[in-house]
Amino acid sequence: MSNEIITRIREKTSYRSFLDLLEEEAAELIKASCKVKRAAFESDNPTPIEFAEARANLIEEAEDVCIVLMALGILPKRKEIRNHPKWERWDRRLKEMHGKGEQEDEM
């Protein structure tokens with residue numbers, strides 16, 4: 001994708017329209033995630049689609065969200081994502097959770 005095309009899209013699309021689109025794409029991503037869970041795990045409400053199709057749709061919807069974030073100019077760079085403090089918080093929570101489980105097993 002050329003910067004020219006992205007610039008042209010940014011010039012012709014309002015900020016509000018981008019936010020509307022982001023909401024729509026985020027909702028579709030959530031729906032796709034739900035379908036993956038229903039396809040991958042036993043459910044009282046199974047989906048007729050197979051796991052591979054559900055996962056492919058999840059990837060497509062994630063890409064759509066990233067495209068809108070890129071159009072808004074707020075898609076983080078890969079390095080920023082890799083070095084984000086959330087990873088440390090997530091890891092700490094997992095250690096705390098698993099640490100508790102190990103202590104309970106010992107009692």
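Q: Is the crossing of H2 and H3 left-handed or right-handed?
A: The crossing of H2 and H3 is left-handed; that word is used if the near helix is turned anticlockwise from the far one by less than a right angle, and right-handed if clockwise. The helices here (H or I, at least four residues), like strands (E, at least two), are DSSP runs numbered from the N terminus.

Q: What kind of model is this?
A: This is a predicted model, in which local features need pLDDT of at least 70 and side-chain atom pairs count only at pLDDT 80 or more, while totals for chains, interfaces and linings use all residues. Residues are numbered from 1 along each chain as its sequence is written, and side-chain values use heavy atoms, with hydrogens and water left out.

Q: Back to the helices. At what angle do H2 and H3 pack?
A: H2 and helix H3, residues 51-72, pack at an angle of about 160°, and their axes are 8 Å apart. The axes are lines fitted to C-alpha atoms, for helices over the stretch in contact, and angles run from 0 to 180 degrees between N-to-C directions.

Q: So are H2 and H3 roughly parallel or antiparallel?
A: H2 and H3 are roughly antiparallel. Angles over 145 degrees count as roughly antiparallel, under 35 as roughly parallel, 65 to 115 as roughly perpendicular, and the rest as oblique.

Q: Which classes of residues are in the contact of H2 with H3?
A: The contact of H2 with H3 has 20 nonpolar, two polar and six charged residues. Nonpolar covers Ala, Val, Leu, Ile, Met, Phe, Trp, Tyr, Cys and Pro; charged covers Asp, Glu, Lys and Arg; the others, Gly among them, are polar.

Q: New topic. How many helices and strands does the protein chain have?
A: The protein chain has five helices and zero strands. Its pattern along the sequence reads α-α-α-α-α.

Q: What radius of gyration does the protein chain have?
A: The protein chain has 19 Å, whereas a compact globule of 107 residues would be near 13 Å. The radius is taken over C-alpha atoms, and the globule rule is 2.2 Å times the number of residues to the power 0.38.

Q: And what does the C-alpha trace span along its principal axes?
A: The C-alpha trace of the protein chain spans about 65 × 40 × 25 Å.

Q: What share of the residues is buried?
A: Buried residues are 13% of the 107 in the protein chain. Buried means under 20% relative accessible area, exposed over 50%, and partly exposed in between (1.4 Å probe, protein chains only).

Q: How many salt bridges does a search of the whole structure find?
A: The search finds two. A salt bridge is a side-chain nitrogen of Lys or Arg within 4 Å of a carboxyl oxygen of Asp or Glu.

Q: What does Arg 16 pair with in a salt bridge?
A: Arg 16 meets Asp 20, at 3.7 Å from N to O. Both residues are in helix H2 (residues 15-40), four residues apart, about one turn of the helix. Arg 16 is exposed at 62% relative accessibility, and Asp 20 is partly exposed at 37%.

Q: Which residue forms a salt bridge with Lys 95?
A: Asp 91 does, and the closest N and O atoms are 3.1 Å apart. Lys 95 and Asp 91 lie in helix H5 (residues 85-106), again four residues apart, about one turn of the helix. Lys 95 is exposed at 56%, and Asp 91 is partly exposed at 34%.

Q: Where does Trp 87 lie?
A: Trp 87 is in helix H5. Its relative accessible area is 44%, so Trp 87 is partly exposed.
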